[in-house]
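Hi everyone, thanks for coming.

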Amino acid sequence: MVTKDVYKLFCKYGSQLLWVEDSTRNRRPNGTNEETDKMFVILERVDHNLELLSIDGYSLQLKKEFKTEIEKFKPMIAPEVFKLMSDKYKK
């Protein structure tokens, strides 16, 4: 489950996982491990889809796909974290 602490790390270090892509140049940040790397990927997908839904330029079919992917990952995210993420894109 993605907790508020993991979300804080995600916000601090971003979703690029530079320490995975190039470990010789980028040290793994304190508090992260392979499990948090997987959670960062989930958070990135949900965040990206929430952002896309907040933009009015997409077809209904695409919006449905964005929502489907969010619903797929939502059970893996603590409700308080999901609320923080979704509130970020409310108009």
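**A ring cluster and the core**

Let's start with a pair of residues in helix H1: tyrosine 7 and phenylalanine 10 are 3 residues apart there, so about one helical turn separates them. Please keep in mind that this is a predicted model.

Are these two residues buried or exposed? Tyrosine 7 has a relative accessible area of 8%, so it is buried, the cut-off being under 20%. Phenylalanine 10 comes out at 9% and also counts as buried.

Now for a partner from elsewhere in the chain. Phenylalanine 10 forms an edge-to-face aromatic pair with phenylalanine 40, with 5.7 Å from centre to centre and 75° between the planes. Phenylalanine 10 sits in helix H1 while phenylalanine 40 sits in helix H3, so this pair ties together parts of the chain that are 30 residues apart in sequence. And phenylalanine 40 is buried too, with a relative accessible area of 0%.

How many aromatic pairs are there in the whole structure? The search finds 3. Tyrosine 7 and phenylalanine 10 make one that is stacked, because their planes are at 25°, with the ring centres 6.2 Å apart. Taken together, ring pairs join Tyr7, Phe10 and Phe40 into a cluster.

Let's step back to the whole chain. The C-alpha atoms fill a box of roughly 45 × 25 × 20 Å along the principal axes. There are 91 residues, and 35% of them count as buried.

Next, the nonpolar core. The largest one has 21 residues, and Leu43, Ile77 and Val81 have the most contacts inside it. Which elements give two or more residues to this core? They are helix H1 (4-13), helix H3 (34-54), helix H4 (60-73) and helix H5 (79-88). H3 gives the most, with 6 residues.

Do have a look at isoleucine 77 on the screen. Leaving aside residues up to four places away in sequence, isoleucine 77 touches Met1, Val2, Ile42, Leu43, Val46 and Phe82. Across the chain, among contacts with a separation of 6 or more, 61% are between residues 24 or more positions apart.

The accessible surface is about 6,300 Å², and carbon and sulfur atoms account for 53% of it. The chain carries 17 positive and 15 negative charges, and their mean positions are 4 Å apart.

Conventions. Residues are numbered from 1 along each chain as its sequence is written. This is a predicted model: local features need pLDDT of at least 70, side-chain atom pairs count only at pLDDT 80 or more; totals for chains, interfaces and linings use all residues. Side-chain values use heavy atoms; hydrogens and water are left out. Buried means under 20% relative accessible area, exposed over 50%, partly exposed in between (1.4 Å probe, protein chains only). Contact means heavy atoms within 4.5 Å. Accessible areas come from the Shrake-Rupley method with a 1.4 Å probe; for residues, only the protein chains shown count as cover. Lys and Arg count as positive and Asp and Glu as negative; His and the chain ends are not counted. The place of a charge is taken as NZ of Lys, CZ of Arg, CG of Asp or CD of Glu. A nonpolar core is a set of buried Ala, Val, Leu, Ile, Met, Phe, Trp, Tyr and Cys residues joined through side-chain atoms within 4.5 Å. Helices (H or I, at least four residues) and strands (E, at least two) are DSSP runs, numbered from the N terminus. Rings of Phe, Tyr and Trp (its six-membered ring) pair if their centres lie within 6.5 Å; planes under 30 degrees apart count as stacked, over 60 as edge-to-face and the rest as tilted.
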